[in-house]
Amino acid sequence: MSTLSHTGRPIGRVGVVVTDSYPAEDVDHDTPLLVAALRERGVDAEAVVWHDPGVAWEEYALLLLRSPWDYPDRPAELHAWLDRVERVSTVLNPPALVRWNLDKRYLAELSGRGVAVVPTTYRDTVDDVRADLAAARDGRVVVKPAVSAGARDTGLFRADDPAALGLARRIVEGGGVVMVQPEVAELSAGREKAVYLVDGVLTHAIAKGALLAEGGGLIGGVYQEHPELVDVTPAEARFAAATLAAVQDATGCDVPLYARVDLVDSADHGLVLLEAELFEPALNLHVAPHVTPTVADAVLARLVG
């Protein structure tokens, strides 16, 4: 049964969508904070595992996508789940936006709408990747799949390192599309910023540090961010807003409940987009506790609006 807001209007149940296990180095810090904040506002909120067959999804007025971070291991199941839940509940961010965002070839669409991105080729044959690597000569490149998360199958290599082509071959043989990008020195130095917007309004930004070690591995051997709050320059704020506007133009979707715009200011390319994460970004509320009420209020507004 629904509870009532302070206005007397009914508040439906909210399922905060998670998974059932996380690696020790990549914990979901956001969900407990959000669930508590929603309950303080009179919302019947709880964490729900996206692939739990016992969940009655139709009982939730809203499903808030937060940390279904094992989806790359079960992509077909994810798409089937999105198809199922959007028929019986409101899902945020909406499945149409999520499906578009899952394939990083959206970067090419945003580039076509005036958003500066890191120069990228998208290849579905090993021979094409081999040509890209030869063109890079003795430089360093990043090789990764167009569909991935948490730096899975992502590597930083010297262009002449056979491991770069080996990773590309594995991606292609798995049915994927290979992205090849030049190394961005500032990114390797840990200067990436993740800029967050809630209902289109900038709330905070974090730096998470460098992740990739040369040769195809991760620094420290595991995917582990080290989030720290950082300031946002006026130029970065304008860039994030323009990116979100381009996303809306490309997809026809409304302003998303939440968005993370990953960017870096580089000497070679200027201010460029690395990724626009509109599916399940960690909000890093444990390092930005002042943002938790903002997110909870935005969810509440969607419920009673």
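# Close-up views of a predicted chain

**Figure 1. Asp199 occupies the loop between strand S11 (193–198) and strand S12 (201–207).** Strands (E, at least two residues) and helices (H or I, at least four) are DSSP runs, numbered from the N terminus. The model shown here and in the other views is predicted, so that local features need pLDDT of at least 70 and side-chain atom pairs count only at pLDDT 80 or more, while totals for chains, interfaces and linings use all residues. Residues are numbered from 1 along each chain as its sequence is written, and side-chain values use heavy atoms, with hydrogens and water left out. Asp199 is not a glycine, yet its phi is positive, at about 50°. In general, most residues other than glycine have a negative phi. Because its relative accessibility is 34%, Asp199 counts as partly exposed; that class lies between buried (under 20% relative accessible area) and exposed (over 50%), with a 1.4 Å probe and protein chains only.

**Figure 2. Asn284 is shown in the loop between strand S17 (270–277) and H9.** Asn284, a residue other than glycine, has a positive phi, near 55°. With a relative accessibility of 5%, Asn284 counts as buried, whereas Asp199 counts as partly exposed.

**Figure 3. The peptide bond from Leu92 to Asn93 is cis.** Its omega is near -5°. Most peptide bonds are trans. Asn93 belongs to the loop between strand S6 (90–92) and H3.

**Figure 4. Helix H2 (residues 75–85) packs against H3.** The two axes, which are lines fitted to C-alpha atoms over the stretch in contact, are 10 Å apart and form an angle of about 160°; such angles run from 0 to 180 degrees between N-to-C directions. H2 is therefore roughly antiparallel to H3, a class that takes angles over 145 degrees, with those under 35 roughly parallel, 65 to 115 roughly perpendicular and the rest oblique. The crossing of H2 past H3 is left-handed, meaning that the near helix is turned anticlockwise from the far one by less than a right angle; clockwise would be right-handed. From H2, Leu78, His79, Leu82 and Asp83 meet Pro95, Val98, Arg99 and Leu102 of H3, where contact means heavy atoms within 4.5 Å. By class, these residues are five nonpolar, one polar and two charged. Here Ala, Val, Leu, Ile, Met, Phe, Trp, Tyr, Cys and Pro count as nonpolar, Asp, Glu, Lys and Arg as charged, and the others, Gly among them, as polar.

**Figure 5. Arg99 is viewed within helix H3 (residues 95–102).** Its relative accessibility of 27% is why Arg99 counts as partly exposed. Apart from neighbours within four places in sequence, Arg99 contacts His79, Leu82, Asp83 and Glu86. Between Arg99 and Leu78 the C-alpha to C-alpha distance is 9.9 Å, for a separation of 21 residues in sequence.

**Figure 6. Helix H5 (residues 126–136) meets helix H6 (residues 162–173).** The axes are 9 Å apart and the packing angle is about 155°, so H5 is roughly antiparallel to H6. H5 passes H6 in a right-handed crossing. Val126, Val129, Arg130 and Leu133 of H5 make the contact with Ala164, Leu165, Ala168, Arg169 and Val172 of H6. Seven of the contact residues are nonpolar, none is polar and two are charged. Arg169 touches Val126 and Arg130, residues up to four places away in sequence being left aside. Arg169 has 34% relative accessibility and therefore counts as partly exposed. The C-alpha atoms of Arg169 and Asp124 are 9.5 Å apart, although 45 residues separate the two along the chain.

**Figure 7. The largest nonpolar core has 45 residues.** A nonpolar core is a set of buried Ala, Val, Leu, Ile, Met, Phe, Trp, Tyr and Cys residues joined through side-chain atoms within 4.5 Å. Val14, Leu38, Leu64, Leu65, Leu78 and Trp81 touch the most other members. Helix H9 (residues 292–304) contributes the most to this core, namely seven residues. Leu78 touches Trp50, Tyr71, Leu102 and Phe279, residues up to four places away in sequence not being counted. A second, separate core has 27 residues, including Trp100, Met179, Leu271 and Leu278.

**Figure 8. The whole chain gives the setting for the close-ups.** Its secondary structure comprises nine helices and 17 strands. Of the 305 residues, 49% are buried. Among contacts between residues at least 6 apart in sequence, 69% join residues at least 24 apart.
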